[in-house]
Each structure stands twice: as structure tokens, then as C-alpha cells.
Amino acid sequence: MSEDGRPPRPPLPAASVTLPSPVRRPPRARCSALPRAGRTALSGLGARMAAVAAVAALALAGPARADDLTELPLERLLDTEVRSAAHFARQVTDAASAVSVLTARDIRAYGLRTLAEVLDQMRGLHVGADLSYMFLGARGVGGPGMLAGRVMLLIDGQPAVDNLYDQLFIGQDSLIDPALIERIEYAPGGGSAMYGHNAFLGVLNIVTRRGRDLNGWEAAAAVGANDERKWRLTAGARLDNGAEWLASVTVRRDDGLPSSEIGHQPWPGEGQALQWLLKGQWQGWTVQALGMRHSVSTRYDAADRDRFVDGSSLFTLGHDRALGRDWRGGLKLQGGRHTYHYDAADADGPYRKYAIDGAWWELDGQLGYTGWTGHALVLGARWRQDPLLRYHRKPTADRGEARWDLSRQTFSVSAEDRWRLRDDLHATLGLRLAHRNGVHWAASPRNALVWAPSPGWQLKWSQGRSTRFASVSEEDFGDAPQTRGEVAHSRDLTLEHRRDALRWLATAYHYRITQPLGTADDVQQLRGRGLELEAEWQAAGWQLRGSHAWQQARDDLGRGLPQSPQQLTKLQLSAPLGSERWRLSATLRRVGGMRFEDGGAIPPNTRLDLTLLGTRLLHGLDLRLGLRNLNNSRAHGQDDSFGGDPAWQGRRNRHAWLEIGGQFR
Amino acid sequence: MTGRLHRGLRRLGLALALLGAADAWSQPDERAVKAAFLYNFIQFTQWPLPPTERFRLCVLGQAPLDPALARLEGKPVLNGLPLRVQPLGPRDRLEGCQALYVDDSQRAAAEELLPRLLAAPILTVTDSDGLADRGLMIEIRKRDLKLVFDVNLAATRRSGLELSSRLLKLAHYVGGAR
């Protein structure tokens with residue numbers, strides 16, 4: 001404890017801790033992700049690369065063609081390379097909202113290499129960064145500094161948010177390498193009553209690849225800007241008895257920034273990341289373990305340096321089986337462990353040392369019943385223990401040791417009925433009740449109607465209430481206990497249409513967050529409203545997808561939220577270069593103007609990215625070349641991290657990376 | 001910045017123009033190949049009670065594959081029987097169908113249909129991920145640049161259908177063999 005008996009706020013694992021004062025920063029010239037010579041070479045590279053690729057594609061393409069493919073024997077058909085047909089990804093997330101889906105194919109084609117890059121392509125999501133972490137904004141809420149996420153992240157059904165800061169790790173510190181993602185879905189809004197209490201403004205549902213998707217092993221190596229070196233090795237198989245397994249490890253080194261999107265690390269530094277995944281399944285049994293460790297060391301001058309380490313690991317053991325004709329049951333034991341360690345030293349030796357650790361486990365049971373005609377009933381119960389929530393300030397020359405230990409228990413029950421009122425009309429009625437020690441019971445009802453007036457058309461209406469309990473960091477590790485969670489009341493209306501090669505949707509929403517956590521003391525309520533549009537067209541291997549979100553989030557005093565853009569526009573185009581062996585993809589993202597916490601303006605930003613993908617080239621190797629921020633726009637989102645030093649503000653950050661990999665059996 | 005963006009867009013336009021020219025050399029469409037797979041699967045299957053007048057291929061709901069499947073209409077299968085393509089609703093009677101195609105877009109309707117398909121002498125083929133694990137017989141999926149197929153042998157045996165050894169040999173994976 002400090003002299004006044006109160007523990008200080010824990011050190012945030014954000015830029016406020018890792019950045020020294022501006023006077024320590026060595027004067028350096030304006031930075032760019034590529035030296036000038038590199039920029040010149042790069043400026044013509046997009047067109048030249050496309051020309052080379054097209055010529056190469058002409059040389060490589062030469063598929064067997066027949067007017068009537070049924071005349072070909074099956075052996076020949078199996079050996080025929082096909083042009084991808086229009087295929088709109090099917091939603092698997094249980095939510096009556098406008099779900100946004102990206103598949104492994106999209107992730108590969110658009111060259112998305114961190115979870116943040118994947119999320120930044122999804123409608124209505126906004127990714128921000130400081131110099132230590134990346135932050136996810138949804139519906140105008142969330143951005144640099146807001147560690148406690150309001151979007152739930154599930155990896156194969158397992159909650160993947162840490163239990164210290166409720167933080168989503170989406171940068172180089174992601175829990176999962178996007179190369180292992182089979183599909184990712186974002187369901188804005190409260191999702192379903194069956195999800196946990198942190199499904200607040202949205203649910204992200206990641207499904208990872210299975211052993212059958214490899215049946216062998218896969219290796220990839222990449223080099224890129226920010227001193228990046230990356231290696232991945234993945235193996236997996238499906239056995240004759242139906243059992244499947246997959247194992248993967250990714251190792252990465254870079255300059256320590258959470259993303260190459262924001263330019264170089266301003267000071268000499270090194271980041272190291274390790275991601276690993278093990279999974280298996282057999283006859284209704286599933287076992288999965290995954291984790292990451294990310295460390296960043298920074299040297300501000302000869303003696304002044306610091307280092308922080310984030311680590312997370314998760315495990316699941318589950319069993320799912322039919323219990324007679326109409327019943328189905330599932331039980332999962334899940335858990336996780338999270339650490340944040342920080343050390344800083346100067347010429348006089350260590351002056352800050354912290355170790356913050358958390359652990360949790362839970363039992364999650366669900367029972368489904370389909371024996372009642374027209375109804376699909378699901379009952380759930382979840383019992384969670386957080387036995388370790390520890391803040392430990394280690395002794396240094398000028399400060400004594402301090403330590404706070406907490407534990408938590410949470411219990412929740414849920415029920416949901418999917419009721420077919422007519423062939424074209426479905427209703428979902430759901431309720432979740434949750435209780436945490438020291439916090440009042442929280443009821444989270446969610447109801448929805450889905451009407452399909454004619455083939456291809458769907459109208460969805462959902463409304464409900466979601467509750468988010470405070471993270472242990474928001475409670476200052478016990479010094480500022482919260483007896484209530486923050487509550488979001490939301491309404492969504494969505495119109496969707498799918499027909500042949502075209503899909504489009506429009507959604508309008510409104511929400512109100514009462515008793516908001518992590519805001520200024522005078523704020524009692526946040527309100528948000530928005531309109532989102534999305535359209536996708538696919539034909540002959542081409543894919544064109546565009547979305548625009550207009551969003552407005554304000555507090556009850558009429559102030560807009562910081563780092564909350566009102567306009568988000570995203571455009572993605574992917575096309576085969578003659579054959580599917582070569583594919584060129586482009587993404588365009590425009591983020592509207594925002595403001596910093598102190599009122600400073602962040603101008604609008606537009607970025608154009610290109611990715612060239614070559615599949616099964618020489619010796620079966622794949623090649624990916626990523627050209628990022630081709631228009632070399634400035635990154636202004638971190639300007640306040642540099643105080644008033646104009647040399648570091650609005651850095652241009654055009655950059656490139658190259659990856660070579662392959663599958664081997 | 002606008003100038004740079006325009007230059008970037010011009011380069012992208014040039015690349016796409018090149019790529020459009022190259023597209024004339026494109027590969028066969030995935031849907032046409034899937035329909036050809038389906039036609040082959042029928043040829044390699046024996047039914048406990050083979051049809052005598054026509055062979056009926058039922059298709060659940062409306063599927064993106066419909067135009068490709070329509071081109072199979074009238075083609076001879078088995079011992080020269082004409083193939084008839086027939087749409088099917090999730091609660092329609094299954095009698096009369098010798099084969100059923102379940103498209104991924106019809107996954108929700110398929111869930112309703114699955115219990116009725118158990119032990120029915122109908123060759124069930126899908127391109128929906130994981131439905132062969134749930135009791136359908138053949139699942140087509142894309143692997144890299146080509147199509148492959150998995151077989152649920154337990155499901156075919158339960159229904160009394162026999163798949164030729166040549167078909168099983170060409171399958172990417174055969175489950176339920178033991």
C-alpha cells in the first residue's frame with residue numbers, strides 16, 4: 001500500500017506505461033516504413049507485378065476443358081483445377097442480426113495476417129492502436145486506451161478474453177494466427193442469450209481449421225517491414241477411425257509495434273511472439289489448447305529501457321452427444337491463464353517491476369430439446385471460478401512491495417427457444433440470468449423475429465438487454481468495487497437479400513448504455529445509433545464486396561466519444577489472373593475523422609492495399625506478396641503518443657511483405 | 001494524398017484490365033464440375049431396388065447449382081434410364097427420390113431433413129461442410145484448386161446402397177469403414 005493506504009491504479013499495459021516522457025526520445029528524422037529508394041521501386045510495382053502475374057498465369061493455365069464435363073471420367077474431374085463459384089458464406093453464429101462473415105479463402109486472398117487486419121475488413125468494425133496494443137471499436141465504442149472490450153471473442157466456442165483487463169489481443173499478440181482460421185463471424189448486438197455476459201455490443205466467433213483440412217503439414221515463412229521475420233509450422237490429419245488432430249506453432253520477431261500499419265517503432269526495440277494451438281476430436285469428444293506469449297523490449301537511450309510480456313493460454317475439454325431421439329447434451333470444462341509483466345530500468349537500476357496474473361476455469365453445460373413440434377429449446381448453465389486475480393508490485397530502489405489478491409465466482413443460467421410460427425416466420429425468445437459475488441443479479445433478455453416473405457429475402461428484428469460486469473482492472477483490483485454491471489439496451493432491424501451472384505443488406509440500430517464503466521465520472525449514459533449497408537457480388541471467380549457504416553455514439557452530455565469515427569467505408573475486390581493459380585486482391589478502407597481524448601482532431605484516412613497470391617507454383621510452393629498502404633497515407637491515430645513533437649506525427653507507412661509457404665503430404 | 005490515391009487506383013485499374021484479358025483462359029466452373037461429380041457418383045452406385053422407368057435426382061430447395069444440375073436432365077444413367085431433376089421441400093415426401101443433392105445454402109432445411117434420411121435408400125450428396133459426419137453419404141469439398149470428396153460408408157451400408165470399389169478408391173477420405 002502507498003502512504004495514504006490506497007493501492008495505486010495498476011499500470012496499464014498501454015502506451016501510457018511503455019512510453020517515456022518526450023524528453024527521453026532521441027531526435028530522429030521523419031520516419032517511413034520504406035526508405036526512399038524502396039518507395040520509388042514500390043510505386044511501379046503494383047502494375048508491373050500484375051503484368052508479370054498475368055503473363056505467368058497465361059503460361060500456367062491450360063486446364064482440361066470439355067463442353068460436357070459429364071463425359072469426363074471421375075479421375076480426370078478430380079485432377080481438374082476449378083474456378084471458384086459464387087459462394088456466400090453461411091452464418092453459423094446463433095444471432096438474428098446482420099452477421100458479417102470472412103472465410104479462410106478471404107483471409108488468404110486478402111493477405112490478412114493478424115486478427116486486427118481480419119477485423120478491419122469487417123463491416124462496422126474499427127481497429128485502432130497505440131504503440132503497445134491494438135484496440136477494437138464496435139458501433140462507435142472502443143479505441144486506444146479502452147482495454148476492456150465490449151465485444152465477446154470466442155475461439156471454437158471458448159471465451160478468449162483475458163480475465164484481468166477483459167482485453168482482446170488482436171495485434172501481433174493475437175491468440176490465434178489467422179492462417180488457422182476457417183471462418184470468422186461478427187454478429188453485432190447482443191447476439192444470443194446463450195452467450196456470456198460480455199456479449200455486449202457484438203460477438204466474434206472464430207472457427208479454426210481441422211485436421212482434415214490439412215492431412216499433412218504446412219509451412220510458411222515471411223519477411224516484411226518493421227524488421228519482421230515470421231515462421232509457421234502446422235500439421236494435422238484425420239485418421240481412419242474418424243479422429244482428427246491439428247497442431248500449429250507460429251514464431252515472429254519484429255520491432256515491437258503491435259502492427260506494421262502504424263509505421264516503425266520510434267525507438268530501438270524488439271518484439272517476439274509465439275502462438276500455439278493443439279486440438280483433437282473424436283466421437284463427440286473435443287480437446288483444445290491454445291496460447292500466446294508476446295514480449296516487447298524497448299531501449300530509449302543507453303541506460304533507459306523497459307520490457308513487457310503478455311501471455312495467455314486456454315484449454316477446453318468437451319463432450320457432446322445425443323441423449324435419445326429428441327435430446328442432445330453437451331458439457332465443457334474450460335479454463336485459462338493470463339499474465340502481464342512489466343519491468344523498467346534506468347542508469348540507477350530497476351525502478352518499476354510489476355507482475356499481474358489471472359487464472360479461471362468454468363463448467364458449461366447445455367441441453368437441447370427438439371421434441372416439441374416447431375420449437376428448438378436450449379437450456380444452459382455455467383459456473384465459473386476466477387481463483388487468481390493478482391496485482392503484484394515488486395520492490396525497487398524507490399518503492400516498496402505491494403500485492404492485492406482477489407477471487408471471483410460467477411454463476412449463470414440461460415434458456416432460449418427458437419419457435420417456428422410459420423414456414424416463413426421464426427421467433428427467438430431468450431433469457432440469461434447471471435450472478436457474480438459482490439454484484440447484483442443481472443437479467444439479459446433477448447428476443448428476435450425473422451421473416452422470410454419470399455425466397456432470398458429476410459427481415460430481422462431483434463431487441464434485448466446485455467450486461468457487462470466490470471473487469472478486475474476497472475475495479476482497481478478491489479479498491480473500487482462495482483456492485484452493478486453496465487447495461488446495453490439495443491434494437492436492430494435488418495433487411496437482407498440474396499439472389500444468384502448478388503447479396504446485400506441494410507441494417508439500422510440504436511442502443512443505450514446505462515451505468516457505463518470506464519468513462520468520465522459525470523457520464524451516466526451513452527447512446528449510439530447507426531446505419532450499415534453491405535453488398536457483395538461474386539461471379540467467375542471474381543468477388544466484389546463493399547460496406548459503409550454511418551455511426552454516432554455520444555454521452556448524455558452531448559459529447560461524441562473519442563476515437564469514434566462516424567463513417568467507415570470498406571471495399572474489397574479479388575479476381576483470378578486467368579486461373580485460380582494467381583489471384584490479385586485489393587482492399588480500400590476509409591475511416592472518417594475522429595478526435596483524441598484531449599479534443600485534438602484526427603483527419604480522415606484512406607488506405608489501399610494489394611495482395612498477390614500464387615498457389616501451387618514451383619515445387620508446390622505458394623507465394624503471397626502484400627503491398628500495404630499503396631497510396632502512402634499518413635497514420636495519425638497515434639499522434640497523441642508523441643506529445644507535441646511534429647517529427648513523429650502523421651507518419652507515412654507504405655510497406656510490403658513477402659510470404660512463401662506450402663502444403664506437404 | 002488524393003493524388004497518391006488516384007495513382008494507386010489507376011495502377012489497380014491497369015492490373016484488373018490485364019487480369020480481365022487473361023480471364024478468357026479460365027478453368028471450368030466449380031458448379032459444373034460438382035454436377036459432373038454427382039453424375040459420376042450415380043453411375044458408381046447400386047440401389048437395393050433399382051428404378052425401372054426413370055431415375056429421380058431430387059434437389060433440396062433452391063440451390064446455386066440448379067442451372068448446372070438442370071443440364072443433367074434427360075441424361076442416361078444406370079442402364080440407360082433418363083435422369084429427371086426434381087426440386088424438393090424439407091417436408092416433402094422422399095419416396096421416389098433415388099438421389100438427393102443438399103446444397104450448402106440449404107443447410108438449415110437439411111437439419112430438419114436429416115432424421116428422415118437415416119436408412120432411406122437414397123444416395124445423398126452435399127457440398128456443405130460436415131454433413132457427411134452427420135449422416136449424408138458423400139461430401140464434395142474444395143481442396144486447394146481442385147475438388148475432392150469424402151464418403152460416409154456407414155451411411156451407405158445402413159441404407160443398403162453399394163458404392164463401387166473404384167469410387168471408394170478415388171475418395172479423399174472414407175469414414176465408417178469399420
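What pLDDT does chain B average, and what share of the residues score at least 70? The model is predicted, and chain B averages a pLDDT of 84, with 84% of the residues scoring at least 70. Within chain B, confidence is lowest in helix α1 (residues 2–22), where the mean is 58, and highest in β6(B), at 95. Over residues 21–25 of chain B, pLDDT stays under 50. The model as a whole scores ipTM 0.85 and pTM 0.86.

We turn to the sheet. Strands of a sheet pair through backbone hydrogen bonds, either parallel or antiparallel. In chain B, eight strands form an open sheet with mixed pairing, in the order β3-β4-β2-β5-β6-β7-β8-β10. At its edges lie β3 (76–77) and β10 (173–175) of chain B, each of which pairs on one side only. β3(B) runs antiparallel to β4 (residues 81–88) of chain B, and two bridges join them. In one of these strands, β4(B), B:P82 is the bridge partner of B:P76. Helix α2 (residues 30–43) of chain B packs on the sheet. The direction of α2(B) makes about 35 degrees with that of β8(B).

Next comes helix α4 (residues 107–117) of chain B. Its buried residues are B:R107, B:A109, B:A110, B:L113, B:L114 and B:L117. These residues lie on the same side of α4(B) because they cover an arc of only 150 degrees around the axis. They pack against β2 (55–60), β5 (99–102) and β6 (123–126) of chain B. The face of α4(B) turned away from the buried side carries the exposed residues B:A108 and B:P115. After α4(B) comes B:A119, which has a positive phi, near 75 degrees.

Key:
Residues numbered from 1 in each chain as written. Chains lettered and ligands numbered in written order. Predicted model: local features only at pLDDT ≥ 70, side-chain atom pairs only at ≥ 80, totals over all residues. Heavy atoms only, no water. Buried < 20%, exposed > 50% of the residue type's maximum accessible area, 1.4 Å probe, protein only. Helix = DSSP H or I, 4+ residues; strand = E, 2+ residues; numbered from the N terminus. Arc of directions from axis to C-beta. Contact = heavy atoms within 4.5 Å. pLDDT = per-residue confidence, 0-100. Pairing = 2+ DSSP bridges. Axes fitted to C-alpha atoms, helices over the stretch in contact; angles between N-to-C directions.
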